[in-house]
Amino acid sequence: MFEKFSKQIWWKIATVILLVYTCTYGFWVKIPDLPILEESIRNLFFHVPMWFSMMLMMFLSLVYSLRYLASGNSRFDVIAANMAIIGLLMGGLGIVTGMVWAKVTWGAWWVFAEVKLNAAAAALLVYMAYFILRSSFEDPESKAKFSAVYSIFAFVMFMVLINVIPRITSSSLHPGNGGNPGFNSYDLDANLRTVFYPAVFGWMGISLWMSTQLIRIDMIKRRLNDID
Amino acid sequence: MNKVLLLLSMIYGMSSAMASEDKVSDFLMSQNKLIAVNAILLMILSGIVFYLFTQDRKIKNIEKQLKD
């Protein structure tokens, strides 16, 4: 099913339309009058979707890891690993775009007291360990098995680090975290929403698109090596 | 090769058209010149999309060759 989907074109065209819309109207949509944030609120259409994309890719990676464990079909392992590569890429972009945004609003590239930054960095390390684990096996079957099991742990850690810890701590600069209600004030702004939701789907689409290319190349490699 | 030449001539044609037309440069100068950033972002995005579609076509060709 996934292989058929990755060859279809309709969702790629939809992705392009959503991204062109995001990258144009995102500049010109009327924004609410927010102190400190000012025009930088437009980063909502670029920085936040990076994390949504990472979450989607890591979730799909988990799903395919589980499918591998259930079936033993190593094609699922190839899909899971390549999804995680793009997920990690989006997470890295989320960190660097967040650093620029932090510089103009919080006054520093990195705020060490801010839980969410450290948690996000730790989450990226958890997934880097996934690739180190993968590279340390020679036998393809044990590589696939161990990394599939680890990826369950990695996803749980990722969710706890990104979505749970920042919300239960008493202080966080991020809106919506640590009792900071800021997110609601602009999340509910209808104008921002008209760009934010298309932006999330657009960036998710381009992440998926990139991962399908990596997966298709790996599938070709398997064919050349007579695995399939 | 021909495609590259065509692309280059298109870019050249576009840039010279932009330079000669005052309306376009007026448009780029409006809104505190933010439109210029917007235009550049769209160019970069179209470059990335162009790359992704080319890559898709290449992969498709190899997949076809492997099937035969």
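**Chain contact and helix packing**

I looked up the interface: 13 residues of chain B are in contact with 12 residues of chain A (C-beta atoms, placed from the backbone, within 7 Å). The chain B side that touches chain A has 9 nonpolar, 2 polar and 2 charged residues. Here Ala, Val, Leu, Ile, Met, Phe, Trp, Tyr, Cys and Pro count as nonpolar, Asp, Glu, Lys and Arg as charged, and the others, Gly among them, as polar.

I noted that this is a predicted model, where local features need pLDDT of at least 70 and side-chain atom pairs count only at 80 or more, while totals for chains, interfaces and linings use all residues. Residues are numbered from 1 along each chain as its sequence is written, and chains are lettered from A and ligands numbered from 1 in the order written.

Next I checked H3(A) (residues 47–71) against H4(A) (residues 74–105); helices are DSSP runs of H or I, at least four residues, numbered from the N terminus. Their axes are 7 Å apart, at an angle of about 160 degrees. The two helices are therefore roughly antiparallel (over 145 degrees). Their contact has 17 nonpolar, 11 polar and 2 charged residues.

I tested the length of H3(A). At 1.5 Å a residue, its 25 residues should span 36 Å, and the end C-alpha atoms are 37 Å apart, which agrees. Just after H3(A), Gly72(A) takes a positive phi of about 75 degrees.

Last, confidence. Chain B has a mean pLDDT of 80 (the predictor's confidence in each residue, from 0 to 100). The complex gets an ipTM of 0.80 and a pTM of 0.85 from the predictor.

How values were computed
Two residues are in contact if their C-beta atoms, placed from the backbone, lie within 7 Å. Axes are lines fitted to C-alpha atoms, for helices over the stretch in contact, and angles run from 0 to 180 degrees between N-to-C directions. Angles under 35 degrees count as roughly parallel, over 145 as roughly antiparallel, 65 to 115 as roughly perpendicular and the rest as oblique. The expected span of a helix is 1.5 Å times one less than its number of residues.
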